[in-house]
Amino acid sequence: MLTEILSRETCAKCRICCTFDKYDIWETPVITKELKEKIEKDFSDVKFIEKGHSYLFRMENADENGIFYCPVLTEKGCALGDEKPFDCRIWPFRIMNFNGTRVISLSPVCESVFSLPVKKIRETAEKLSDTIFSYADKNPDIVKPYDESYPIIISERNSK
Ligand code: SF4
């Protein structure tokens, strides 16, 4: 979804968004019931925890550095391909609740996008805003509490 500012090749070399530590474990992707059922068919050992009407991967067995790897991350990348969770498709954008207003924010963890000109990032977020806010209307579990380390790119009030 973000290939205009983040190439597949760049993602394939990095994968930082598919690993988590104790500080960003809250970032694990929100998974719909439909996607959970599909993953369960293909990956019988993957476990989930509930989040509202949705699910998160249960992250188990951190490595010696305290890093958890997404259970569907393989040597070749995400095993879900184009069916990866919406959170992963819009990464490094996030939709958050800032004092009652939904905002599209940017994760500082993705150095590749974070280093781009703000104008380019904002243009991309604007193009995606209808898609992101509409998805959040149907799947409100995807809206995360605001984290002050994530700069706000678009607020819902001024997204049109
Ligand atoms: S679902 Fe796929 S893209 Fe998302 S965190 Fe896991 S491996 Fe990465």
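Let's start at Ile104: beyond its neighbours within four places in sequence, Ile104 is in contact with Phe93, Ile95, Ala125, Ser129, Ile132, Ile153 and Ile154 (contact: C-beta atoms, placed from the backbone, within 7 Å). This is a predicted model, in which local features need pLDDT of at least 70 and side-chain atom pairs count only at pLDDT 80 or more, while totals for chains, interfaces and linings use all residues. Residues are numbered from 1 along each chain as its sequence is written.

**The core**
- Ile104 also belongs to the largest nonpolar core, which has 28 residues; those with the most contacts inside it are Phe93, Ile104, Leu106, Ala125 and Ile153.
- Such a core is a set of buried Ala, Val, Leu, Ile, Met, Phe, Trp, Tyr and Cys residues joined through C-beta atoms within 7 Å; buried means 20 or more other C-beta atoms within 10 Å, exposed 12 or fewer, and partly exposed in between, with C-beta atoms placed from the backbone.
- Two or more core residues come from each of strand S3 (54-57), helix H3 (86-90), strand S7 (93-98), strand S8 (101-106), helix H5 (118-138) and strand S10 (152-155).
- Helices (H or I, at least four residues) and strands (E, at least two) are DSSP runs, numbered from the N terminus.

**Helix H5**
- Ile121, Thr124, Ala125, Ser129 and Ile132 are the buried residues to look for in H5.
- The buried residues of H5 pack against H3, S7, S8, helix H4 (111-114) and S10.
- H5 bends by about 50° at Leu128, taking the angle between axes fitted to the seven residues ending there and the seven starting there.

**Backbone details**
- Most residues other than glycine have a negative phi, and most peptide bonds are trans.
- The peptide bond from Trp91 to Pro92 is cis, with omega near 5°, and Pro92 is found in the loop between H3 and S7.
- Arg15, in the loop between helix H1 (8-14) and strand S1 (19-20), has a positive phi near 65°; with 13 C-beta neighbours inside 10 Å, Arg15 counts as partly exposed.
- Asn99 has a positive phi of about 50° and sits in the loop between S7 and S8; with 6 other C-beta atoms within 10 Å, Asn99 is exposed.

**Around the ligand**
- The ligand is surrounded by Cys18, Pro29, Cys70, Val72, Leu73, Cys78, Leu80, Lys84, Pro85 and Cys88, each with its C-beta atom, placed from the backbone, within 6 Å of the ligand.

Definitions and conventions:
Two residues are in contact if their C-beta atoms, placed from the backbone, lie within 7 Å.
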